[in-house]
Amino acid sequence: MSDLSRIATASLLVATVALVSMATSAKAQRFIPDILISSTVPGNGDLNPYGVAFVPPNFPNGGIIASGDILVSNFNNSTAPTGTQGTGTTIIQLTPSGVVAPAGTASTFFTSSPSAIGLTTALGVLERGFVVVGNLPNSNGMLSPGSLQFIDRRGRLVGAFANSLIDGPWDLTIDDDSDHPTVYVSNVLNGTVVRLNLTLTNTTVTVNQTTKIAAGYTTQPSLAALVLGPTGLAHDRVTDILYVASTADNAIFAVPQASTRSSPPGGTGTGTMIAQNGELRGPLALAFAPNGDLVTSNGDAVPSAADPTHPSEIVELTKNGKFVGQFNVDPAPGGAFGIGVSMIGGGDTARLAVVDDNTNNLMVINQNVQNVQ
C-alpha cells in the first residue's frame with residue numbers, strides 16, 4: 001500500500017470514529033422529558049392525595065420504604081363520587097424507578113386507625129427511620145384538632161402526639177439533625193405555626209417542647225377545600241427564616257429567627273409578607289428549589305384569586321417574592337396540592353414530585369440542574 005493510500009485509509013478511519021462518536025452522542029441526548037405519572041389510589045380506594053415526602057438519603061435499611069421512595073398521604077376515603085374530606089387513612093409509597101401503579105393498586109405503606117382519619121399535607125420523613133403525618137378528622141362535618149402520628153420504617157405506629165398547640169396540623173417541614181430534629185407545623189384551624197423539638201432513638205420518638213412561633217393567619221371554611229389557613233412551610237437554615245404559604249390570605253410570609261424564637265413576631269404575628277396576589281391563587285404546599293427559589297402550589301380555592309386560564313399551577317418565586325415561572329398539572333382548577341423536591345443522580349438532577357387531586361395521580365419530573373445557579 002502506498003503512503004498516499006495509508007494516509008487516505010487513516011483519514012477514513014478517523015472520520016468513521018468521529019461519526020460513530022457523534023452518533024452515540026446524539027443518541028444520548030434524550031429528547032423526551034423524564035416524567036412518570038402513577039395513581040395514588042390504594043386498594044381501599046382512598047382519594048384526594050395531599051402530602052408528598054421523599055425518603056431521605058441515609059435512611060435506615062430493613063424497612064418497607066427506602067431512600068428515594070416517595071410517600072403520599074390521602075385525605076379522603078372512597079365514598080362516591082369523590083370521597084369524604086377528612087376521612088382518608090392511607091399513606092401510599094412509590095419507588096420512582098419501579099412500576100407505575102394503575103388506579104386502585106398503589107402500594108400502601110401505612111393505614112391509620114379510625115380515630116386518626118383525614119391524613120393531611122403534614123407529611124415528612126425523619127432520617128433516623130420514622131415518618132410523621134398530621135391528621136384533621138372530619139366526623140359528619142365536625143372537625144377535630146387532630147394529631148401528629150409517628151410511624152416506623154416498617155409501617156407501624158409508634159406513637160401519636162397532641163396538645164393544645166396542635167389544632168389541625170395541615171403541613172410541616174423538618175430540620176433533620178438525626179437524633180434531635182426540629183419539626184415546624186402549620187395549624188389550619190387556629191391560624192398558627194408551632195415548632196416541635198424532638199429526641200429520637202432507634203424505636204422511640206419524644207416531643208420535648210412545643211412552641212408557638214407565628215400566628216394571625218386567616219382561617220375560614222371552604223366548600224372546595226373544607227378549610228383554608230396556613231399551609232406550606234419551608235425553613236432556610238442559613239438565614240433561619242421560615243416561609244409560610246397562607247392560603248386564605250393568598251400570600252407568603254417570612255418568619256425570622258424561626259429556630260430560636262419563643263413567640264410570634266411583633267405586630268400581627270405572621271412575619272413579613274413577601275408576596276400576595278399576582279400569580280398566587282391560594283398557595284398551599286411550599287418547598288425550596290435547588291437554586292434557592294420557593295416553589296408553591298396554587299389550590300385555586302380562594303374565589304377572589306381564581307383564574308380559569310391558570311388552573312392547578314405550580315409557581316416559582318424568589319425568596320423576595322419575585323415571580324419566576326409556572327406550569328399547570330391539570331386543565332381544571334383544584335388539582336395542585338402537595339409538593340416534594342429531592343436531589344438525585346449525584347446531585348446533578350432535581351426530582352420534583354407533585355400530586356393532582358383531580359385525577360388522584362402523582363407526577364414525578366426529573367430535571368438536570370447542572371447549570372442552575
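Colleague: To which strand is β2 joined, and how many bridges join the two?

Modeller: β2 is joined by 5 bridges to strand β3 (residues 70-76), and the two run antiparallel; strands count as paired if DSSP finds at least two bridges between them. The model is predicted, so local features need pLDDT of at least 70 and side-chain atom pairs pLDDT 80 or more, while totals for chains, interfaces and linings use all residues. Residues are numbered from 1 along each chain as its sequence is written, and side-chain values use heavy atoms, without hydrogens or water.

Within this pairing, P49 has N74 of β3 as its bridge partner. β2 is mostly covered, with 8 of its 8 residues buried (buried: under 20% relative accessible area; exposed: over 50%; partly exposed: in between; 1.4 Å probe, protein chains only). For the protein chain as a whole, 52% of the 373 residues count as buried. The peptide bond that joins A80 and P81 is cis, with omega at about -5°.

At least two lining residues come from each of β2 (47-54), β6 (119-126), β12 (169-175), β18 (230-236), β22 (283-288) and β26 (336-344). The second largest pocket is lined by 21 residues, with A289, V295, E316, L352 and Q367 nearest its centre. Two or more residues of that lining are given by each of β24 (313-317), β25 (323-328), β27 (349-356) and β28 (361-368).

β18, one of the strands that line the largest pocket, belongs to an open sheet of 4 strands in the order β18-β19-β20-β21, paired antiparallel. β18 and β21 (272-276) are its edge strands, each pairing on one side only. Between β18 and strand β19 (residues 241-246) there are 5 bridges in the antiparallel sense, and L233 stands opposite V244 of β19. The loop between β18 and β19 contains D240, whose phi is positive, near 60°, in a residue other than glycine. D240 is buried, as its relative accessible area is 14%. N277, in the loop between β21 and β22, also has a positive phi, about 60°, although it is not a glycine. N277 is partly exposed, with a relative accessible area of 43%.

A225 has its place in the loop between β16 (220-222) and β17 (226-228) and is buried, with a relative accessible area of 12%. From A225 to A301 there are 76 residues in sequence, yet the C-alpha to C-alpha distance is 6.5 Å.

In total, the secondary structure of the protein chain comes to 1 helix and 28 strands (DSSP runs numbered from the N terminus: helices H or I, at least four residues; strands E, at least two). The C-alpha trace spans about 95 × 45 × 40 Å along its principal axes.

How values were computed: 1 Å grid on protein atoms, 1.4 Å probe; cavity = no way out; pocket = protein on both sides within 12 Å on 5 of 7 lines; lining within 4 Å.
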